[in-house]
Amino acid sequence: MFASYAASVVVASHLNRVHKSISGNRDYERHALMNRLILMNDRDCRDQLRMGREAFARLVKLLRETGRLYDSVFSNVEEKVAKFLYLIGQDARNRNVKFLFYRSGETVSRHFHEVLRAIISLHDIFLRQPNGLECPPEIMNNTKFWPYFKDCIGALDGSHFRVKVGNDIVQRYRGRKAFPTQNVLAACSFDLKFTYVLPGWEGSASDSRILDNALTRDLDKLIVPQGKYYLVDAGYQLRSGFLAPYRSTRYHLKEYSLRQPKNARELFNLRHASLRNAIEKVFGILKKRFPILGSGAEPYYRVDTQANIVVAGCILHNYLMGIDPNEELIAEVDEELMREPISSDVAVSSQTQQCRVGEILRERIVTTFWRDYNTNND
C-alpha cells in the first residue's frame with residue numbers, strides 16, 4: 001500500500017513538472033511571437049497588425065497611460081492589443097488567435113472585447129465633427145475649389161458592411177447586396193479622416209432615411225454648422241446643408257478622363273466629384289486596412305458587436321492617418337475606385353424650402369465656376 005502511495009506521489013510530481021515545462025514553453029513561444037510582431041521588422045508588424053511598430057507602441061502607451069487598459073497577472077496590454085489587431089486586421093477567427101498566442105478561447109474573446117471597448121472610448125479624441133470656423137486647407141489652397149466651396153466642411157455618404165443576423169430579421173438587413181448588411185452613414189474631412197460615424201442601420205434602410213435620423217437623434221447627432229454644408233452624391237436630396245451634383249449630367253471622375261467638361265453643370269459635377277471622392281476613398285481604406293470589415297465573408301460576431309467594430313475601425317483609421325497613413329494602401333484604393341462601375345443612385349425629387357435653398361447655393365456656385373473657367377481658358 002505504501003509502495004502504491006509513493007508511486008502516485010512520483011507520478012503527480014512528474015506531471016506537475018511537465019505542466020510547468022509546458023507552461024514555460026507557452027510563455028516563451030508567446031514572448032517570441034510578440035517580439036516578431038512588434039520588435040523585429042516594421043513591415044511584418046504592418047502586415048500582421050495593420051500598423052508599424054512605432055504606431056503600435058504609441059497606441060499601447062495611450063491606452064495604458066489613460067487607464068483604458070491594464071496589464072493583468074498573465075497578460076500585458078501589448079499582447080491584448082496585438083490579439084485585437086490581428087483579429088480585425090486578418091479577419092481571423094478566435095481559434096486562430098488561440099493557437100498563435102497559446103491562450104484559451106475564452107481569454108481571447110475577453111481580451112478582444114476589452115480592447116474594443118477601450119478603442120471606442122477614444123471617440124472624443126479621434127472622431128470630431130467640424131465646427132465650421134475654418135475652411136479646409138484642401139479647398140483654400142486649391143484654385144479649382146477656392147472660393148467656390150469655401151463653406152464646405154466635408155463629404156458624406158453611406159456604405160454597406162456585411163452582418164450575420166437571425167432568420168427572423170434577415171429581410172430587414174437585405175438591401176442592394178445579395179447578403180445581409182448594415183448601412184453605415186459617415187462623414188469625412190478632405191484629409192481622409194472620419195468626422196462622424198453612425199453604424200447599425202439595416203441594409204434595407206435608404207441613405208436619406210438614415211441621414212434624417214442622424215440629424216434629429218438625441219445621441220450622436222450629426223451637426224451641420226449654420227451656413228455650411230457637406231458634399232453628397234445623387235442618392236441624397238439637394239437640401240440646405242447637403243450639396244448634391246446635377247442629375248442626368250456626367251458626374252464620376254472616370255467619365256471626365258477622356259474629355260473636358262463642356263458646360264457649366266459638367267464643370268460643377270467634375271469639381272464636386274473631385275472633392276466628394278474623399279468619402280469613397282476613406283471607406284475604401286478602412287475596409288482594405290481591416291479586412292474584418294471588407295472581406296465580404298460572413299462575420300462571426302453579433303450585429304451589435306460588428307457595429308462597434310466599425311466605429312473602432314474608424315477611430316483606428318483616424319489615429320493611423322496622423323502617424324502611419326500607409327501611402328501604398330491609399331494608392332491601391334485609388335486604383336480600385338477608378339475601376340469600379342458607376343453607381344446610378346438617384347434620390348426622390350423634392351420641392352421643399354430646404355431643397356430650394358440648396359438649389360440657390362448650387363446655381364450661384366455654378367455661375368461663378370463657369371465664368372472664371374471661361375476667363376482663364378480664353
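Rings of Phe, Tyr and Trp (its six-membered ring) are counted as an aromatic pair if their centres lie within 6.5 Å; planes under 30 degrees apart are stacked, those over 60 edge-to-face and the rest tilted. The structure holds 14 such aromatic pairs. This is a predicted model, in which local features need pLDDT of at least 70 and side-chain atom pairs count only at pLDDT 80 or more, while totals for chains, interfaces and linings use all residues. Residues are numbered from 1 along each chain as its sequence is written, and side-chain values use heavy atoms, with hydrogens and water left out.

**Aromatic contacts**

Two of the pairs are listed below.

| Pair | Centre to centre | Angle between planes | Class |
|---|---|---|---|
| Phenylalanine 112 and tyrosine 301 | 4.8 Å | 10° | stacked |
| Tyrosine 148 and phenylalanine 369 | 4.3 Å | 35° | tilted |

Helices (H or I, at least four residues) and strands (E, at least two) are DSSP runs, numbered from the N terminus. Tyrosine 148 lies in the loop between α8 and β1 and phenylalanine 369 in helix α14 (residues 353-376), so this pair ties together parts that are 221 residues apart in sequence. Buried means under 20% relative accessible area, exposed over 50%, and partly exposed in between (1.4 Å probe, protein chains only). Phenylalanine 369 is buried at 1%, and tyrosine 148 also counts as buried, at 13%.

Lysine 287 lies over the face of phenylalanine 161, at 4.5 Å from the ring centre. The criterion is that NZ of Lys or CZ of Arg is within 6 Å of the ring centre and within 35 degrees of the ring normal.

Strands β2 and β3 run antiparallel and are joined by 6 bridges; two strands pair if DSSP finds at least two bridges between them. Glutamine 182 stands opposite glutamate 202 in β3. The two strands form a hairpin with 5 residues between them, and leucine 192 in the turn has a positive phi of about 65°. Because 7 of its 9 residues are buried, β3 is largely enclosed by the rest of the structure.

In helix α9 (residues 207-216), the buried residues are Asp207, Ile210, Leu211, Ala214 and Leu215. They cover an arc of only 140° around the axis, which puts them on the same side of α9; the arc is that of the directions from the helix axis to the C-beta atoms. These residues pack against β1 (152-162), β2 (181-188), β3 (194-202) and β5 (242-243), where contact means heavy atoms within 4.5 Å.
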